[in-house]
Amino acid sequence: MAKNNRRINPAEIELKEKLVNLNRVAKVTKGGRTFSFAAIVVVGDGKGNVGHGLGKARDVQESIAKAIDDAKKHLIKVPIYKGTIPHEQKGKYGAGKVFIKPAADGTGVIAGGAMRAVLESAGVQNVLAKSMGSSNPHNVVKATIDALSKLRSPMEIAQERGISMEKLFQG
């Protein structure tokens with residue numbers, strides 16, 4: 001299955017940032033403890049473009065800024081069909097496994113913390129999601145992005161098979 005690797009120019013779209021996790025890390029030296037911060041940020045325009053990034057620095061604001069810059073470099077396009085995803089999909093990264101499933105109109109985003117941030121940033125309004133395995137936000141975010149990048153729109157599938165959209169939905 002081909003992954004969705006189409007490049008998106010972040011300058012062309014209006015992106016909203018969402019901080020998923022901020023972790024304080026201590027490095028013990030002979031002079032005492034040195035604290036630094038690791039931030040995971042998800043950016044998206046709410047219209048199918050989403051990306052994630054990691055930033056590390058001695059200062060909170062600087063680590064968030066680095067994470068946002070990193071997220072803008074890793075944008076992917078997500079096919080959204082009638083406010084939900086076109087089909088169910090599994091994603092995996094490390095020990096983090098996720099399962100996303102299309103939902104009827106009015107359901108909302110039923111997902112846990114890190115997954116919710118990614119799905120809302122992508123612009124999905126109705127989806128059922130389950131995170132299995134690792135609850136580490138790093139792995140959950142990357143597994144969710146993996147699942148979203150594997151999604152294919154009905155138009156893509158009809159083109160690949162060389163049939164019309166009507167014929168695709170008839171069976």
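The protein chain holds 5 helices and 8 strands, where helices (H or I, at least four residues) and strands (E, at least two) are DSSP runs numbered from the N terminus. Do keep in mind that this is a predicted model, in which local features need pLDDT of at least 70 and side-chain atom pairs count only at pLDDT 80 or more, while totals for chains, interfaces and linings use all residues. Residues are numbered from 1 along each chain as its sequence is written, and side-chain values use heavy atoms, with hydrogens and water left out. Here is a friendly tour, topic by topic.

**Overall layout**

- Reading from the N terminus, the elements of the protein chain follow the order β-β-β-α-β-β-β-β-α-β-α-α-α.
- Along the principal axes, the C-alpha atoms of the protein chain fill a box of roughly 70 × 35 × 30 Å.

**The sheet of β1 to β4**

- Four strands make an open sheet in the order β1-β2-β3-β4, and the pairing is antiparallel; two strands pair if DSSP finds at least two bridges between them.
- Its edge strands are β1 (16–29) and β4 (75–77), each of which pairs on one side only.
- From one strand to the next, the twist averages 15°; axes are lines fitted to C-alpha atoms, for helices over the stretch in contact, and angles run from 0 to 180 degrees between N-to-C directions.
- β1 and β2 are joined in the antiparallel sense by 13 bridges, and they form a hairpin with 2 residues between them.
- Within that pairing, Ala-26 stands opposite Phe-35 in β2.
- Strand β2 (residues 32–44) also pairs with strand β3 (residues 49–57), again in the antiparallel sense, over 8 bridges.
- The hairpin of β2 and β3 has 4 residues between the strands, and Gly-46 in the turn has a positive phi of about 75°.

**The sheet of β5 to β8**

- A further open sheet of 4 strands has the order β5-β6-β8-β7, with mixed pairing.
- Here the edge strands are β5 (89–93) and β7 (109–110), and each pairs on one side only.
- β5 and β6 run antiparallel and are joined by 5 bridges, with Gln-89 opposite Ile-100 in β6.
- Between β5 and β6 is a hairpin with 2 residues between the strands, where Gly-94 takes a positive phi near 60°.
- Strand β6 (residues 96–102) pairs with strand β8 (residues 127–133) in the antiparallel sense over 7 bridges, and Gly-96 stands opposite Gly-133 in β8.
- α2 packs on this sheet, touching β6, β7 and β8, and its direction makes about 145° with that of β8; contact means heavy atoms within 4.5 Å.

- Helix α3 (residues 137–150) lies across β1, β2, β3 and β4, running at about 155° to β3.
- α3 also lies across β5, β6 and β8, at about 140° to β5.
- Two packed helices are described by the angle between their axes and the distance between the axes.
- For helix α2 (residues 113–122) and α3, the axes come within 8 Å and cross at roughly 40°.
- α2 and α3 are therefore oblique to each other, given that angles under 35 degrees count as roughly parallel, over 145 as roughly antiparallel, 65 to 115 as roughly perpendicular and the rest as oblique.
- The crossing of α2 and α3 is right-handed; a crossing is left-handed if the near helix is turned anticlockwise from the far one by less than a right angle, and right-handed if clockwise.
- On the α2 side, Ala-114, Met-115, Val-118 and Leu-119 meet Pro-137, Val-140, Val-141, Thr-144, Ile-145 and Leu-148 in α3.

**Rings and charge**

- Arg-24 lies over the face of Phe-35, at 4.1 Å from the ring centre; a charge sits over a ring if NZ of Lys or CZ of Arg is within 6 Å of the ring centre and within 35 degrees of the ring normal.
- A search of the whole structure finds 0 aromatic pairs (rings of Phe, Tyr and Trp, its six-membered ring, pair if their centres lie within 6.5 Å; planes under 30 degrees apart count as stacked, over 60 as edge-to-face and the rest as tilted).
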